[in-house]
Amino acid sequence: MQPSHYQIFMMKEIKNVNKKSLAKITALIYGLVGFITALVVAVSTIANIMLKRDFKGSVILVTLFNVGAGLLLGVLTALVTALIGWLMGYITAGIYNWFARKTGGVKVELAEVAEAEKEEERKEENNQQLV
């Protein structure tokens, strides 16, 4: 019996990484992580202040102030970490490209999926859309 699909394996080499492309993706990842981290810090600070009750004034005003400060901190942290991420991605791609020219790039094995399998996947997607 023959399998319903065939795969053709090809070895490819990554010789060059687009610096701006890697920098953009890295900036998005760093920015998102920075924003989430800043929000966690802001929420934990609010909880700490409210549980210790070491403040003067209204709980609502103190909470609103800390939420505003937390959001501002989140946005600023996201921007700063995104900038750092962009620089790191750009520098990393430059270093990779330099080494790839000298020693060769990373070798990756890719599989080409046979047309029959692609057709099966299309049929499955169409069936799912109908349901």
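User: Before we start, what do buried, exposed and partly exposed mean here?
Analyst: Buried means under 20% relative accessible area, exposed means over 50%, and partly exposed lies in between. With a relative accessible area of 29%, E13 is therefore partly exposed. Please note that this is a predicted model.

User: Understood. Which partner does E13 have in a salt bridge?
Analyst: The partner of E13 is K107, and the closest N and O atoms of the two are 3.8 Å apart.

User: Is K107 buried or exposed?
Analyst: K107 is exposed, as its relative accessible area is 53%.

User: How many salt bridges are there in the whole structure?
Analyst: A search of the whole structure finds 1 salt bridge. In general terms, side chains of opposite charge can pair when their charged atoms come close.

User: Let me step back. How many helices and strands does the protein chain have?
Analyst: The protein chain has 3 helices and 2 strands. Along the sequence they follow the pattern β-α-α-β-α.

User: And how much of the chain is buried?
Analyst: Of the 131 residues in the protein chain, 19% count as buried. The accessible surface of the protein chain is about 10200 Å², and 67% of that surface belongs to carbon and sulfur atoms.

User: What share of the contacts comes from residues 24 or more positions apart?
Analyst: Such residues account for 84% of the contacts in the protein chain with a separation of 6 or more.

User: New topic: which residues make the nonpolar surface patch?
Analyst: The patch is made by I25, L28, I29, Y30, V33, V80, I84 and M88, and it covers about 730 Å². Helices α1 (19-52) and α2 are the elements that give two or more residues to the patch. The largest share, 5 residues, comes from α1.

User: Where is L28, and is L28 buried or exposed?
Analyst: L28 is found in helix α1. Its relative accessibility is 58%, and L28 counts as exposed.

User: What about V40?
Analyst: V40 also lies in helix α1. At 53% relative accessibility, V40 counts as exposed. The C-alpha atoms of V40 and G74 are separated by 9.1 Å, while these residues are 34 positions apart along the chain.

User: Moving on to the rings, how many aromatic pairs does the structure hold?
Analyst: The structure holds 2 aromatic pairs. One of them is formed by W86 and Y90, which are stacked, with 5.1 Å centre to centre and 15° between the planes.

User: Why does that angle count as stacked?
Analyst: The pair is called stacked because planes under 30 degrees apart count as stacked, and the angle here is 15°.

User: Where do W86 and Y90 lie?
Analyst: Both lie in helix α2, residues 59-103, and they are 4 residues apart, about one turn of the helix. W86 counts as partly exposed at 33% relative accessibility, and Y90 also counts as partly exposed, at 32%.

User: What about W98 and F99?
Analyst: W98 and F99 form an edge-to-face aromatic pair, with 4.9 Å centre to centre and 80° between the planes.

User: How accessible are W98 and F99?
Analyst: W98 is partly exposed, with a relative accessible area of 42%. F99 likewise counts as partly exposed, at 44% relative accessibility.

Terms used: Residues are numbered from 1 along each chain as its sequence is written. This is a predicted model: local features need pLDDT of at least 70, side-chain atom pairs count only at pLDDT 80 or more; totals for chains, interfaces and linings use all residues. Side-chain values use heavy atoms; hydrogens and water are left out. Buried means under 20% relative accessible area, exposed over 50%, partly exposed in between (1.4 Å probe, protein chains only). Contact means heavy atoms within 4.5 Å. Accessible areas come from the Shrake-Rupley method with a 1.4 Å probe; for residues, only the protein chains shown count as cover. Rings of Phe, Tyr and Trp (its six-membered ring) pair if their centres lie within 6.5 Å; planes under 30 degrees apart count as stacked, over 60 as edge-to-face and the rest as tilted. Patches are made of residues with over 30% relative accessible area and no salt bridge: like charges are joined within 9 Å, nonpolar side chains (Val, Leu, Ile, Met, Phe, Trp, Tyr) within 5 Å. A salt bridge is a side-chain nitrogen of Lys or Arg within 4 Å of a carboxyl oxygen of Asp or Glu.
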